[in-house]
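Let's take a walk through this structure together, one stop after another. Please keep the sequence and the 3D view side by side as you read.

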Amino acid sequence: MARHSAQAQLERATQGATLARTDADRARTRADDANLLLSLLAADAYQQGVGATQLDAMLASNGLQDALDRAAGIEAVGRERAQAYADAEAARLLAATLDRAATEAEQRRAAAAQEAKETAAEADERAASAKAGATALAAQQEALTQQLATLQQTTVTLERARQEGLAAAEQARREEEARQAGIRAAAEAARQEAARLAEQQAKAAAAQRAATTAREAAAAKTAAPKAPAPTPTPTRTPTPTTKPTTTPSPPPPGRSKPPLNLARADMWDRIAQCESSGNWHVNTGNGYYGGLQFNLPTWASVAGQDYAPRPDLASREEQITVANRLYAIRGLQPWACRTAA
(Lines give C-alpha, C1' and ligand atoms only; values in the text may rest on other atoms or scores of the structure.)
Protein backbone atom coordinates (compact mmCIF):
# COMPACT_ATOMS: atom_id res chain seq x y z
CA MET A 1 0.00 0.00 0.00
CA ALA A 2 2.84 2.42 0.89
CA ARG A 3 4.51 1.60 -2.41
CA HIS A 4 1.36 2.35 -4.41
CA SER A 5 0.79 5.58 -2.45
CA ALA A 6 4.35 6.78 -3.13
CA GLN A 7 4.03 5.88 -6.80
CA ALA A 8 0.76 7.85 -7.06
CA GLN A 9 2.37 10.85 -5.35
CA LEU A 10 5.33 10.65 -7.76
CA GLU A 11 2.98 10.57 -10.74
CA ARG A 12 1.10 13.63 -9.44
CA ALA A 13 4.40 15.50 -8.80
CA THR A 14 5.67 14.58 -12.27
CA GLN A 15 2.46 15.79 -13.87
CA GLY A 16 2.60 19.05 -11.88
CA ALA A 17 6.26 19.64 -12.78
CA THR A 18 5.51 18.98 -16.44
CA LEU A 19 2.62 21.45 -16.47
CA ALA A 20 4.68 24.07 -14.55
CA ARG A 21 7.59 23.72 -16.98
CA THR A 22 5.20 24.01 -19.92
CA ASP A 23 3.70 27.23 -18.47
CA ALA A 24 7.20 28.63 -17.81
CA ASP A 25 8.28 27.89 -21.37
CA ARG A 26 5.19 29.59 -22.71
CA ALA A 27 5.82 32.68 -20.50
CA ARG A 28 9.42 32.84 -21.63
CA THR A 29 8.27 32.70 -25.25
CA ARG A 30 5.83 35.54 -24.61
CA ALA A 31 8.62 37.55 -22.90
CA ASP A 32 10.90 36.97 -25.87
CA ASP A 33 8.12 38.11 -28.19
CA ALA A 34 7.61 41.24 -26.06
CA ASN A 35 11.34 42.01 -26.10
CA LEU A 36 11.35 41.55 -29.86
CA LEU A 37 8.42 43.92 -30.18
CA LEU A 38 10.20 46.42 -27.94
CA SER A 39 13.30 46.21 -30.12
CA LEU A 40 11.23 46.85 -33.20
CA LEU A 41 9.66 49.88 -31.56
CA ALA A 42 13.06 51.18 -30.61
CA ALA A 43 14.29 50.76 -34.15
CA ASP A 44 11.23 52.52 -35.46
CA ALA A 45 11.74 55.39 -33.01
CA TYR A 46 15.32 55.73 -34.09
CA GLN A 47 14.29 55.96 -37.69
CA GLN A 48 11.80 58.66 -36.73
CA GLY A 49 14.51 60.75 -35.08
CA VAL A 50 14.50 59.69 -31.49
CA GLY A 51 17.91 60.35 -29.96
CA ALA A 52 20.32 57.85 -28.52
CA THR A 53 19.54 59.03 -25.00
CA GLN A 54 15.89 58.31 -25.51
CA LEU A 55 16.64 54.85 -26.95
CA ASP A 56 18.83 54.07 -23.99
CA ALA A 57 15.96 55.01 -21.72
CA MET A 58 13.67 52.68 -23.61
CA LEU A 59 16.01 49.71 -23.69
CA ALA A 60 17.89 50.03 -20.41
CA SER A 61 15.08 50.55 -17.89
CA ASN A 62 15.43 48.63 -14.62
CA GLY A 63 11.79 48.17 -13.89
CA LEU A 64 8.26 48.79 -15.02
CA GLN A 65 7.80 52.07 -13.12
CA ASP A 66 11.26 53.30 -14.15
CA ALA A 67 10.48 52.49 -17.78
CA LEU A 68 7.13 54.25 -17.59
CA ASP A 69 8.63 57.29 -15.92
CA ARG A 70 11.28 57.58 -18.59
CA ALA A 71 8.79 56.84 -21.34
CA ALA A 72 6.56 59.72 -20.12
CA GLY A 73 9.43 62.13 -20.51
CA ILE A 74 10.12 61.15 -24.05
CA GLU A 75 7.91 63.05 -26.34
CA ALA A 76 8.60 60.88 -29.37
CA VAL A 77 7.31 57.70 -27.62
CA GLY A 78 3.54 57.45 -27.76
CA ARG A 79 0.97 55.59 -25.87
CA GLU A 80 1.46 52.42 -27.96
CA ARG A 81 5.15 52.25 -27.12
CA ALA A 82 4.45 52.74 -23.39
CA GLN A 83 2.00 49.81 -23.48
CA ALA A 84 4.62 47.70 -25.27
CA TYR A 85 7.13 48.49 -22.50
CA ALA A 86 4.59 47.48 -19.86
CA ASP A 87 3.70 44.22 -21.64
CA ALA A 88 7.34 43.33 -22.09
CA GLU A 89 8.14 43.89 -18.40
CA ALA A 90 5.06 41.95 -17.29
CA ALA A 91 6.01 39.06 -19.58
CA ARG A 92 9.53 39.01 -18.11
CA LEU A 93 8.17 38.95 -14.53
CA LEU A 94 5.66 36.20 -15.34
CA ALA A 95 8.32 34.15 -17.08
CA ALA A 96 10.64 34.45 -14.07
CA THR A 97 7.85 33.50 -11.64
CA LEU A 98 6.75 30.49 -13.69
CA ASP A 99 10.34 29.40 -14.13
CA ARG A 100 10.81 29.36 -10.34
CA ALA A 101 7.54 27.45 -9.95
CA ALA A 102 8.66 24.92 -12.55
CA THR A 103 12.00 24.52 -10.77
CA GLU A 104 10.25 23.93 -7.45
CA ALA A 105 7.88 21.45 -9.09
CA GLU A 106 10.83 19.56 -10.57
CA GLN A 107 12.47 19.50 -7.17
CA ARG A 108 9.28 18.10 -5.65
CA ARG A 109 9.12 15.50 -8.41
CA ALA A 110 12.74 14.50 -7.72
CA ALA A 111 11.94 14.22 -3.97
CA ALA A 112 8.82 12.18 -4.75
CA ALA A 113 10.83 9.92 -7.06
CA GLN A 114 13.42 9.35 -4.33
CA GLU A 115 10.69 8.66 -1.76
CA ALA A 116 8.95 6.27 -4.16
CA LYS A 117 12.25 4.50 -4.77
CA GLU A 118 12.93 4.15 -1.05
CA THR A 119 9.33 3.08 -0.36
CA ALA A 120 9.51 0.49 -3.16
CA ALA A 121 12.76 -0.88 -1.80
CA GLU A 122 11.29 -1.07 1.71
CA ALA A 123 8.12 -2.70 0.36
CA ASP A 124 10.17 -5.24 -1.60
CA GLU A 125 12.17 -6.03 1.52
CA ARG A 126 9.01 -6.47 3.58
CA ALA A 127 7.42 -8.58 0.84
CA ALA A 128 10.49 -10.82 0.69
CA SER A 129 10.48 -11.16 4.47
CA ALA A 130 6.74 -11.91 4.50
CA LYS A 131 7.15 -14.47 1.72
CA ALA A 132 9.97 -16.18 3.59
CA GLY A 133 7.87 -16.20 6.77
CA ALA A 134 4.86 -17.57 4.88
CA THR A 135 7.00 -20.31 3.34
CA ALA A 136 8.38 -21.30 6.73
CA LEU A 137 4.90 -21.22 8.28
CA ALA A 138 3.49 -23.35 5.46
CA ALA A 139 6.28 -25.90 5.92
CA GLN A 140 5.67 -25.98 9.67
CA GLN A 141 1.93 -26.34 9.17
CA GLU A 142 2.47 -29.19 6.69
CA ALA A 143 4.71 -30.99 9.16
CA LEU A 144 2.15 -30.54 11.95
CA THR A 145 -0.62 -31.76 9.65
CA GLN A 146 1.32 -34.91 8.81
CA GLN A 147 2.06 -35.56 12.49
CA LEU A 148 -1.60 -35.04 13.39
CA ALA A 149 -2.73 -37.38 10.61
CA THR A 150 -0.28 -40.02 11.84
CA LEU A 151 -1.45 -39.65 15.43
CA GLN A 152 -5.11 -39.74 14.42
CA GLN A 153 -4.60 -42.85 12.30
CA THR A 154 -2.80 -44.56 15.16
CA THR A 155 -5.45 -43.54 17.67
CA VAL A 156 -8.31 -44.66 15.42
CA THR A 157 -6.63 -48.01 14.76
CA LEU A 158 -6.03 -48.63 18.46
CA GLU A 159 -9.55 -47.59 19.40
CA ARG A 160 -11.04 -49.77 16.68
CA ALA A 161 -9.00 -52.74 17.84
CA ARG A 162 -10.05 -52.11 21.44
CA GLN A 163 -13.71 -51.85 20.53
CA GLU A 164 -13.52 -55.00 18.41
CA GLY A 165 -11.82 -56.83 21.26
CA LEU A 166 -14.47 -55.69 23.73
CA ALA A 167 -17.27 -56.68 21.36
CA ALA A 168 -15.71 -60.10 20.74
CA ALA A 169 -15.25 -60.67 24.47
CA GLU A 170 -18.86 -59.67 25.17
CA GLN A 171 -20.13 -61.93 22.39
CA ALA A 172 -18.06 -64.82 23.70
CA ARG A 173 -19.40 -64.20 27.20
CA ARG A 174 -22.98 -64.21 25.99
CA GLU A 175 -22.45 -67.35 23.95
CA GLU A 176 -20.87 -69.09 26.93
CA GLU A 177 -23.73 -68.02 29.19
CA ALA A 178 -26.24 -69.30 26.64
CA ARG A 179 -24.32 -72.54 26.29
CA GLN A 180 -24.15 -73.05 30.05
CA ALA A 181 -27.84 -72.21 30.38
CA GLY A 182 -28.62 -74.71 27.63
CA ILE A 183 -26.52 -77.35 29.34
CA ARG A 184 -28.26 -76.71 32.65
CA ALA A 185 -31.68 -76.78 31.03
CA ALA A 186 -30.87 -79.97 29.13
CA ALA A 187 -29.51 -81.61 32.27
CA GLU A 188 -32.62 -80.65 34.21
CA ALA A 189 -34.85 -81.88 31.41
CA ALA A 190 -32.91 -85.16 31.23
CA ARG A 191 -33.18 -85.57 34.99
CA GLN A 192 -36.90 -84.98 34.92
CA GLU A 193 -37.32 -87.35 31.99
CA ALA A 194 -35.29 -90.04 33.76
CA ALA A 195 -37.37 -89.62 36.91
CA ARG A 196 -40.56 -89.83 34.89
CA LEU A 197 -39.40 -92.95 33.08
CA ALA A 198 -38.31 -94.58 36.34
CA GLU A 199 -41.69 -93.82 37.84
CA GLN A 200 -43.45 -95.29 34.82
CA GLN A 201 -41.25 -98.40 34.94
CA ALA A 202 -41.94 -98.86 38.64
CA LYS A 203 -45.67 -98.55 38.11
CA ALA A 204 -45.54 -100.98 35.19
CA ALA A 205 -43.64 -103.53 37.29
CA ALA A 206 -46.09 -103.17 40.16
CA ALA A 207 -49.02 -103.61 37.79
CA GLN A 208 -47.43 -106.71 36.29
CA ARG A 209 -46.85 -108.22 39.70
CA ALA A 210 -50.42 -107.48 40.71
CA ALA A 211 -51.73 -109.09 37.53
CA THR A 212 -49.66 -112.23 38.10
CA THR A 213 -50.91 -112.53 41.65
CA ALA A 214 -54.50 -112.09 40.51
CA ARG A 215 -54.14 -114.78 37.84
CA GLU A 216 -52.68 -117.25 40.33
CA ALA A 217 -55.45 -116.57 42.83
CA ALA A 218 -58.15 -117.11 40.21
CA ALA A 219 -56.57 -120.36 39.06
CA ALA A 220 -56.43 -121.64 42.62
CA LYS A 221 -60.14 -120.94 43.19
CA THR A 222 -61.31 -122.77 40.06
CA ALA A 223 -59.16 -125.87 40.47
CA ALA A 224 -60.69 -129.17 41.90
CA PRO A 225 -59.95 -129.89 45.51
CA LYS A 226 -56.71 -131.75 45.70
CA ALA A 227 -54.13 -132.32 48.17
CA PRO A 228 -52.57 -129.15 48.93
CA ALA A 229 -49.50 -128.68 46.94
CA PRO A 230 -46.74 -126.34 47.74
CA THR A 231 -47.53 -122.87 46.54
CA PRO A 232 -45.14 -122.07 43.75
CA THR A 233 -43.10 -118.98 44.22
CA PRO A 234 -44.05 -116.50 41.59
CA THR A 235 -41.34 -115.66 39.17
CA ARG A 236 -40.19 -112.05 39.65
CA THR A 237 -40.41 -110.11 36.47
CA PRO A 238 -37.12 -108.22 35.99
CA THR A 239 -37.34 -104.50 35.79
CA PRO A 240 -36.56 -103.43 32.21
CA THR A 241 -33.30 -101.54 31.94
CA THR A 242 -33.67 -100.37 28.35
CA LYS A 243 -35.35 -97.16 27.40
CA PRO A 244 -38.96 -97.39 26.27
CA THR A 245 -39.82 -97.10 22.65
CA THR A 246 -39.88 -93.65 21.13
CA THR A 247 -43.66 -93.66 21.12
CA PRO A 248 -44.45 -90.93 23.62
CA SER A 249 -46.84 -91.64 26.41
CA PRO A 250 -49.00 -89.10 28.17
CA PRO A 251 -47.93 -87.69 31.51
CA PRO A 252 -48.84 -89.87 34.48
CA PRO A 253 -52.32 -89.17 35.74
CA GLY A 254 -52.69 -86.96 38.73
CA ARG A 255 -49.32 -85.21 38.20
CA SER A 256 -49.72 -81.44 38.49
CA LYS A 257 -48.40 -79.31 35.62
CA PRO A 258 -46.40 -76.10 36.05
CA PRO A 259 -48.36 -72.86 35.59
CA LEU A 260 -48.70 -71.47 32.10
CA ASN A 261 -46.81 -68.42 30.80
CA LEU A 262 -48.69 -66.74 27.93
CA ALA A 263 -46.39 -63.73 27.56
CA ARG A 264 -45.95 -62.55 23.95
CA ALA A 265 -48.84 -64.77 22.85
CA ASP A 266 -49.56 -62.56 19.81
CA MET A 267 -45.93 -62.85 18.71
CA TRP A 268 -46.00 -66.66 19.03
CA ASP A 269 -49.27 -66.79 17.05
CA ARG A 270 -47.55 -64.89 14.20
CA ILE A 271 -44.52 -67.17 14.30
CA ALA A 272 -46.77 -70.25 14.38
CA GLN A 273 -48.68 -68.93 11.37
CA CYS A 274 -45.35 -68.75 9.51
CA GLU A 275 -43.89 -72.02 10.84
CA SER A 276 -46.95 -74.32 10.60
CA SER A 277 -49.77 -72.25 9.11
CA GLY A 278 -51.12 -71.92 12.66
CA ASN A 279 -51.65 -75.70 13.16
CA TRP A 280 -50.64 -76.28 16.79
CA HIS A 281 -50.91 -80.11 16.54
CA VAL A 282 -49.16 -80.74 13.24
CA ASN A 283 -46.84 -83.78 12.89
CA THR A 284 -45.59 -84.25 9.34
CA GLY A 285 -42.88 -86.74 10.25
CA ASN A 286 -40.00 -84.38 9.47
CA GLY A 287 -38.75 -84.30 13.07
CA TYR A 288 -40.45 -81.00 13.97
CA TYR A 289 -43.71 -80.86 15.88
CA GLY A 290 -46.48 -78.49 16.86
CA GLY A 291 -47.35 -74.95 15.92
CA LEU A 292 -43.86 -73.63 16.70
CA GLN A 293 -42.04 -76.62 15.12
CA PHE A 294 -39.97 -77.79 18.09
CA ASN A 295 -37.67 -80.78 17.62
CA LEU A 296 -37.56 -83.29 20.47
CA PRO A 297 -34.07 -82.42 21.84
CA THR A 298 -34.99 -78.72 22.05
CA TRP A 299 -38.36 -79.56 23.60
CA ALA A 300 -36.60 -81.68 26.20
CA SER A 301 -33.89 -79.06 26.88
CA VAL A 302 -36.49 -76.66 28.27
CA ALA A 303 -38.57 -79.35 30.10
CA GLY A 304 -41.39 -79.51 27.59
CA GLN A 305 -42.26 -82.93 29.08
CA ASP A 306 -43.86 -80.99 31.94
CA TYR A 307 -46.86 -80.83 29.61
CA ALA A 308 -46.47 -83.51 26.92
CA PRO A 309 -43.79 -85.87 25.61
CA ARG A 310 -44.06 -84.25 22.17
CA PRO A 311 -44.90 -80.65 21.22
CA ASP A 312 -47.81 -81.58 18.98
CA LEU A 313 -49.47 -83.38 21.93
CA ALA A 314 -49.38 -80.19 24.04
CA SER A 315 -51.96 -77.43 23.88
CA ARG A 316 -51.32 -74.06 22.25
CA GLU A 317 -50.93 -72.46 25.69
CA GLU A 318 -48.46 -75.14 26.82
CA GLN A 319 -46.39 -74.77 23.65
CA ILE A 320 -46.30 -70.98 24.18
CA THR A 321 -45.15 -71.50 27.78
CA VAL A 322 -42.30 -73.78 26.66
CA ALA A 323 -41.40 -71.30 23.87
CA ASN A 324 -41.11 -68.54 26.48
CA ARG A 325 -38.65 -70.71 28.42
CA LEU A 326 -36.48 -71.12 25.33
CA TYR A 327 -36.86 -67.41 24.47
CA ALA A 328 -35.46 -66.45 27.89
CA ILE A 329 -32.29 -68.42 27.05
CA ARG A 330 -31.73 -67.90 23.32
CA GLY A 331 -34.18 -65.25 22.18
CA LEU A 332 -35.71 -65.83 18.71
CA GLN A 333 -32.55 -67.38 17.29
CA PRO A 334 -33.93 -70.97 17.08
CA TRP A 335 -36.90 -69.98 14.84
CA ALA A 336 -36.49 -69.56 11.09
CA CYS A 337 -39.65 -67.41 11.08
CA ARG A 338 -38.35 -64.99 13.73
CA THR A 339 -38.83 -62.13 11.26
CA ALA A 340 -42.59 -62.70 11.55
CA ALA A 341 -42.41 -61.59 15.20
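Arg 173 counts as partly exposed, with 38% relative accessibility; partly exposed is the range between buried (under 20% relative accessible area) and exposed (over 50%), found with a 1.4 Å probe and protein chains only. Its salt-bridge partner is Glu 177, and the closest N and O atoms of the two are 2.4 Å apart. A salt bridge here is a side-chain nitrogen of Lys or Arg within 4 Å of a carboxyl oxygen of Asp or Glu. Glu 177 is partly exposed too, at 43% relative accessibility. Because Glu 177 and Arg 173 sit 4 residues apart in helix H4, about one helical turn separates them. An α-helix has 3.6 residues a turn, so residues three or four places apart point the same way.

A word on where these values come from. This is a predicted model, in which local features need pLDDT of at least 70 and side-chain atom pairs count only at pLDDT 80 or more, while totals for chains, interfaces and linings use all residues. Residues are numbered from 1 along each chain as its sequence is written, and side-chain values use heavy atoms, with hydrogens and water left out.

Now stay on helix H4, which covers residues 79-222. Arg 174 and Glu 170 both lie there, 4 residues apart, or about one turn of the helix. Their side chains meet in a salt bridge with an N to O distance of 3.1 Å. Glu 170 is partly exposed, at a relative accessible area of 30%.

Ala 88 touches Ala 34 and Asn 35, leaving aside residues up to four places away in sequence; touching, or contact, means heavy atoms within 4.5 Å. Ala 88 and Arg 30 are 58 residues apart in sequence, yet their C-alpha atoms are 8.3 Å apart in space.

Let's step back to the whole chain. There are 7 helices and 0 strands, so named by a rule: helices (H or I, at least four residues) and strands (E, at least two) are DSSP runs, numbered from the N terminus. Buried residues make up 26% of the 341 residues in the chain. Of the contacts with a separation of 6 or more, 65% are between residues 24 or more positions apart. The chain exposes about 22700 Å², and carbon and sulfur atoms supply 57% of that area; accessible areas come from the Shrake-Rupley method with a 1.4 Å probe, and for residues only the protein chains shown count as cover.

Salt bridges come to a count of 14. Some of them join into a network that links Arg 21, Asp 25, Arg 28, Asp 99 and Glu 106.

Next, look at helix H1, residues 2-47, where Leu 36 has its place. Leu 36, Leu 37 and Leu 40 make a nonpolar surface patch of about 290 Å². Patches are made of residues with over 30% relative accessible area and no salt bridge, where like charges are joined within 9 Å and nonpolar side chains (Val, Leu, Ile, Met, Phe, Trp, Tyr) within 5 Å.

Our last stop is a pair of helices. The buried residues of H5 are Ala 265, Met 267, Trp 268, Ile 271, Ala 272 and Ser 276. Seen down the axis of H5, these buried residues fall within an arc of 150 degrees, so they line one face of the helix; the arc is that of the directions from the helix axis to the C-beta atoms. They pack against helix H7 (316-330). Just after H5, Ser 277 takes a positive phi of about 60 degrees.

Among the buried residues of H7 are Ile 320, Val 322 and Leu 326. Their cover includes H5 and helix H6 (296-301). Arg 316 and Glu 317 meet in a salt bridge, 3.4 Å from N to O. Arg 316 is partly exposed at 25% relative accessibility, and Glu 317 is partly exposed at 29%. H7 is followed by Gly 331, whose phi is positive, near 65 degrees.
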